[in-house]
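The stops below are listed in the order in which to select them.

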Amino acid sequence: MQKPTGDTKRPPPVKVLSSQLRNAETRGDNADSCVLKVGRGKQLRVSLVWMQGTVLEVQSDQNTLVLMDEAGTFVIEGVRNVPKGKPCLSQGKYVMVMGTVQRGSPEPLIHAVKMADLSDLAALHRQMWKLEVEELQRILTS
């Protein structure tokens, strides 16, 4: 059982692909979350996500990145405020981002709370990522 820390009562991050956020539903009752359609007729509410992708662009403000996973592009904001986020600010790096969903479409926007450079084993991480996403979502909806 997860114990909340401080005032936060968020569940742990859910691994997602950018296309899932792009196609997610937002509901008026909770603007900081969205509902993913996973599996056959199953849904999963997410607010904190874990995503992985390749840095395509570091915007001039050095606070915003455009990443690409196997399903498309997504935007990460708030990078300067993330501890150890600076090593991720290079085009071509393969990175992991945990953050809160700000919007799902037209292009997903995530406010980063944690980042890590996974470039050293990028080929392995890329190969396993979709399987990790599918397995976690299956577990969470069963």
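Select Gln137, which is found in helix α2; helices here are DSSP runs of H or I with at least four residues, strands are runs of E with at least two, and both are numbered from the N terminus. The model is a predicted one, in which local features need pLDDT of at least 70 and side-chain atom pairs count only at pLDDT 80 or more, while totals for chains, interfaces and linings use all residues. Residues are numbered from 1 along each chain as its sequence is written, and side-chain values use heavy atoms, with hydrogens and water left out.

Is Gln137 buried or exposed? Gln137 is buried, because its relative accessible area is 6% (buried is under 20%, exposed over 50%, partly exposed in between, with a 1.4 Å probe and protein chains only). Now show what surrounds this side chain. Gln137 touches Val14, Lys15, Val16, Gln20, Leu36, Val38 and Leu44, leaving aside residues up to four places away in sequence; contact means heavy atoms within 4.5 Å. A polar atom of the Gln137 side chain lies 2.8 Å from the backbone oxygen of Lys15. That is a polar contact: a pair of N or O atoms within 3.5 Å, where within protein one must be able to donate a hydrogen and the other to accept it, and residues adjacent in sequence count only if both atoms are side-chain atoms.

Next, select the whole of α2, residues 122-141. The 20 residues should span 28 Å at 1.5 Å a residue, and the end C-alpha atoms are 28 Å apart, so the two agree; the expected span is 1.5 Å times one less than the number of residues. At Met128, α2 bends by about 40°, the bend being the angle between axes fitted to the seven residues ending there and the seven starting there. Ala122, Trp129, Val133, Gln137 and Thr141 are buried in this helix. Their cover includes β1 (14-15), α1 (18-22), β3, β4, β5 (48-58) and β8.

Helix α2 lies across both and runs at about 100° to β4; axes are lines fitted to C-alpha atoms, for helices over the stretch in contact, and angles run from 0 to 180 degrees between N-to-C directions. β2, β3 and β4 form an open antiparallel sheet in that order, with β2 (25-26) and β4 (42-46) as the edge strands, each pairing on one side only. Strands pair if DSSP finds at least two bridges between them. Five bridges join β3 (residues 34-38) to β4, and Cys34 has Val46 as its bridge partner.

Move on to β5. Where does Val14 pair in β5? Its bridge partner there is Val49, and β1 and β5 are parallel, with two bridges. β5 also pairs antiparallel with β8 over seven bridges, where Gln52 is partnered by Met96. With β6 (residues 64-69), β5 forms four antiparallel bridges, and Val55 stands opposite Leu67.

In the β5 and β6 hairpin, which has five residues between the strands, pick Gln62: its phi is positive, near 55°. Then go to the loop between β8 (94-103) and β9 (109-117), where Pro106 lies. The peptide bond from Ser105 to Pro106 is cis, with omega near 10°. Most residues other than glycine have a negative phi, and most peptide bonds are trans.
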